Amino acid sequence: MFVSENLSVNEKGNLTIGGVDTIDLVNQYGTPLYVLDKDLIRKNCKKFVKSINKHYDGNGLVCYASKALSCKEIYRIMKDEGLGVDTVSIGEMYTALSVGFPAEKIYFHGNNKADEELKFALENKIGRIVVDNLQELKRLSELAVKLGVVASIMLRVKPGIDAHTHDFIRTGQIDSKFGFAIETNEALEAAKCVVDSKNINLVGAHCHIGSQILDVDPFMLAAEVMIDYINDVKNSTSVTMSELNLGGGFGIKYTSNDDPVDYENYMEPVSEVLNKKCSDYGIKTPFIVIEPGRSLIGPAGITLYKVGARKEIPNIRTYISVDGGMTDNPRYALYKSKYDALVANKANLEKTDVVTIAGKCCESGDLIGENIKLQHAEAGDIIAICATGAYNYSMSSNYNRILKPPIVMVSGGKSRVVVKRETLKDLVRNDI
């Protein structure tokens, strides 16, 4: 019935998340409201760690891709679960460090890192800097020499794989703003440049083929291509890369039409391909890093809204207007991303309507979804949008000067605020 295992219906007919009544949460914290199930996040973390331990004999690290959701509590959870974190800005690095996250387990990505960010990473002894281009390599080398440190880096490589996902979230093919292409020999030449750079230690290669991938085959092919690349680098430079970051992109169930592979079943075939290739080349299997983000936290979250109006346009459509929208979830406006939804206070009833859920922004395109099956909804009802733990709060904005919702986490039947609701004073804090 539900897309996430932590959702259910109680004796009142209300939707629950992690055993907590969503209507009670709304009464306590208001709407719009992000809700995350901490226990499910921890469970997902353990699944990935278990897979690394099983298929790579523990010779690897699960790195949470924190662009999916960056806040202090998330980094605390990842620290407790023994994960590393993948960061893409000085802000994400700073937030992780602010809760005592081990710097050596932080990876820093980005296609256009500022000198300020590179300097911050070096000064704070960030574990790995993933270099995207030769200009960045030159600047990083100069900064490392100036600071008297050695930067341990990985090269961001484009393996040239089409992951059959949305054009905007495909990053592994040759036409991408990220990394060095293998097909053009650019990636191999980049490795040669690293060898000649001062205060730079080349430890490995990184790839990421896309997001919300529901098949195993693209990951298997990426592993094969990347081991070929590591072997080519060894033969051309005598440098043996000891680490391989295979990125993330594991898909989740947003609607009943999505059929993601179990995490365990991603790992096993990929490890078999990787280990065989290494054996064929006579090289040691590298330390494996993976970067799940959405798959750790996406299914653990929901967003709750209050219905303000129902507008029926005969023979056209029915609009259900809610008190949030593209400011707290821009993914439909950006990608036409589909979600499952339900009326949280009527969760035990059949879905009899097909509606368009509209946000409150002054934009015709401010929609959360179209042609969504829903229980009959009227003003005052509470709408739950499922699987919104990833890329909702992290992509939120103050467009129309709308305040950002809080994040509440539930665990063991209890709830607490981990990110406060914005206030009007917060909104004008930086205005002069």
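This is a predicted model: local features need pLDDT of at least 70, side-chain atom pairs count only at pLDDT 80 or more; totals for chains, interfaces and linings use all residues.

Biologist: How do you know whether the radius of gyration of the chain agrees with a compact globule?

Modeller: With 432 residues, a compact globule would have a radius near 22 Å, and the chain has 23 Å, so the two agree. The C-alpha atoms fill a box of roughly 70 × 50 × 40 Å along the principal axes.

Biologist: What share of the residues counts as buried?

Modeller: Of the 432 residues, 56% do; the label requires under 20% relative accessible area. The chain exposes about 18,500 Å², with carbon and sulfur atoms supplying 48% of that.

Biologist: What secondary structure does the chain have?

Modeller: It comes to 12 helices and 21 strands.

Biologist: How do you know that the length of helix α2 fits its residue count?

Modeller: Helix α2 runs over residues 38-55, which is 18 residues. At 1.5 Å a residue they should span 26 Å, and the end C-alpha atoms are 26 Å apart, so the length agrees.

Biologist: What makes aspartate 37 a cap for α2?

Modeller: A side-chain oxygen of aspartate 37 lies 3.0 Å from the backbone nitrogen of aspartate 39, at the N-terminal end of α2. A polar contact needs such atoms within 3.5 Å, so this pair qualifies.

Biologist: Which residues of α2 are buried?

Modeller: Among them are Leu40, Ile41, Phe48 and Ile52, as well as Lys38 and His55.

How values were computed:
Residues are numbered from 1 along each chain as its sequence is written. Side-chain values use heavy atoms; hydrogens and water are left out. Helices (H or I, at least four residues) and strands (E, at least two) are DSSP runs, numbered from the N terminus. The expected span of a helix is 1.5 Å times one less than its number of residues. Buried means under 20% relative accessible area, exposed over 50%, partly exposed in between (1.4 Å probe, protein chains only). A polar contact is a pair of N or O atoms within 3.5 Å; within protein, one must be able to donate a hydrogen and the other to accept it, and residues adjacent in sequence count only if both atoms are side-chain atoms. The radius of gyration is taken over C-alpha atoms; the globule rule is 2.2 Å times the number of residues to the power 0.38. Accessible areas come from the Shrake-Rupley method with a 1.4 Å probe; for residues, only the protein chains shown count as cover.
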